[in-house]
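Here is a friendly walk through one protein model, in questions and answers. Have the structure open beside you as you read.

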Amino acid sequence: QSVAAAIEAHSFSVLQLCHGGAFTDRLDLAGVIDEFEQGARRAKEAGFSAVEIHGGHRYLLQQCFSRRNPNPSVADRSRLSLAIVEACARHLPCWYRLDPEEQGPAGISFVETVEFANRLVDSGVQVLDVSAKRYDQGSILDSDDLRPRAALLAAALVGTALVLGVGGIDTPDQAETVLNGGCALVGLGSVLLANPAWPRDAREG
């Protein structure tokens, strides 16, 4: 039995696709787009229901969107990600993981992330996975702004995409806080390694 089939017997399977390469002037953009598309095609053949494109954690797509990229506009810096979404969506529904802000004077601002996110939604992204060490942490650029970035992004989206809040969620009360804050989905990580039955236990009280 495949991994996808085992997951699909109980839930909805999403395969994450990422590219850890470096952004350079000699980067073969057409080749990168094709690699992501072939990944989505193989994910479909393997039985997955969707793919999540990883555009955070300083992987290639975040490097391309960063203000360290010499292209000045959000529209220009979004082009590679949008092309990848379009290519992958030929095979499966797309999710997208992003870092809402980037440290440093040349880092991504949250205002830019909102514009980028709405462009992703316009291109067909169905779920935005907002990366954070802790869901309840505020801005990494403005220490006075304590509002969770995922909740802010959910409120700022123009389209119908869902937002997934993640980061340090260990208890049902924390998960409820994420949902009550405007996110439609809760991301769980290490807590599932400790207790794979966590969702069932939370549901049963």
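Q: How many helices and strands are there in the protein?
A: This is a predicted model, in which local features need pLDDT of at least 70 and side-chain atom pairs count only at pLDDT 80 or more, while totals for chains, interfaces and linings use all residues. Residues are numbered from 1 along each chain as its sequence is written, and side-chain values use heavy atoms, with hydrogens and water left out. Helices (H or I, at least four residues) and strands (E, at least two) are DSSP runs numbered from the N terminus. Counted that way, the protein has nine helices and six strands.

Q: What is the radius of gyration of the protein, and what does the globule rule give for 205 residues?
A: The radius is taken over C-alpha atoms, and the globule rule is 2.2 Å times the number of residues to the power 0.38. The protein is as compact as a globular protein of its length, because its radius is close to the value from the rule. The two values are 17 Å for the protein and 17 Å from the rule.

Q: What percentage of the 205 residues in the protein is buried?
A: Buried means under 20% relative accessible area, exposed over 50%, and partly exposed in between (1.4 Å probe, protein chains only). Of the 205 residues, the buried share is 42%.

Q: What share of the contacts with a separation of 6 or more comes from residues 24 or more positions apart?
A: A contact here means heavy atoms within 4.5 Å. Among the contacts in the protein with a separation of 6 or more, residues 24 or more positions apart account for 69%.

Q: How many aromatic pairs does a search of the whole structure find?
A: Rings of Phe, Tyr and Trp (its six-membered ring) pair if their centres lie within 6.5 Å; planes under 30 degrees apart count as stacked, over 60 as edge-to-face and the rest as tilted. With that rule, the search of the whole structure gives three.

Q: Why do phenylalanine 65 and phenylalanine 116 count as a stacked pair?
A: A pair of aromatic rings is described by the distance of the centres and the angle of the planes. For phenylalanine 65 and phenylalanine 116 the centres are 4.1 Å apart, and the pair is stacked because the planes lie at 20°.

Q: Which residues form one aromatic cluster?
A: Tyrosine 96 pairs edge-to-face with phenylalanine 116, at 5.7 Å centre to centre and 90° between the planes. Tyrosine 96 lies in strand S3 (residues 94-98) and phenylalanine 116 in helix H5, so this pair links parts 20 residues apart in sequence. Tyrosine 96 is buried, with a relative accessible area of 0%. The cluster is made of Phe65, Tyr96 and Phe116.

Q: Is valine 3 buried or exposed?
A: Valine 3 sits in helix H1 (residues 3-8). Its C-alpha atom is separated by 8.4 Å from that of alanine 46, 43 residues apart along the chain. At a relative accessible area of 58%, valine 3 is exposed.

Q: What is the phi of histidine 57, which is not a glycine?
A: Histidine 57 is in the loop between strand S2 (50-54) and H3, and it is partly exposed at 37% relative accessibility. Arginine 58 is in the loop between S2 and H3 too, with a positive phi near 65°. For histidine 57, phi is positive, at about 55°.
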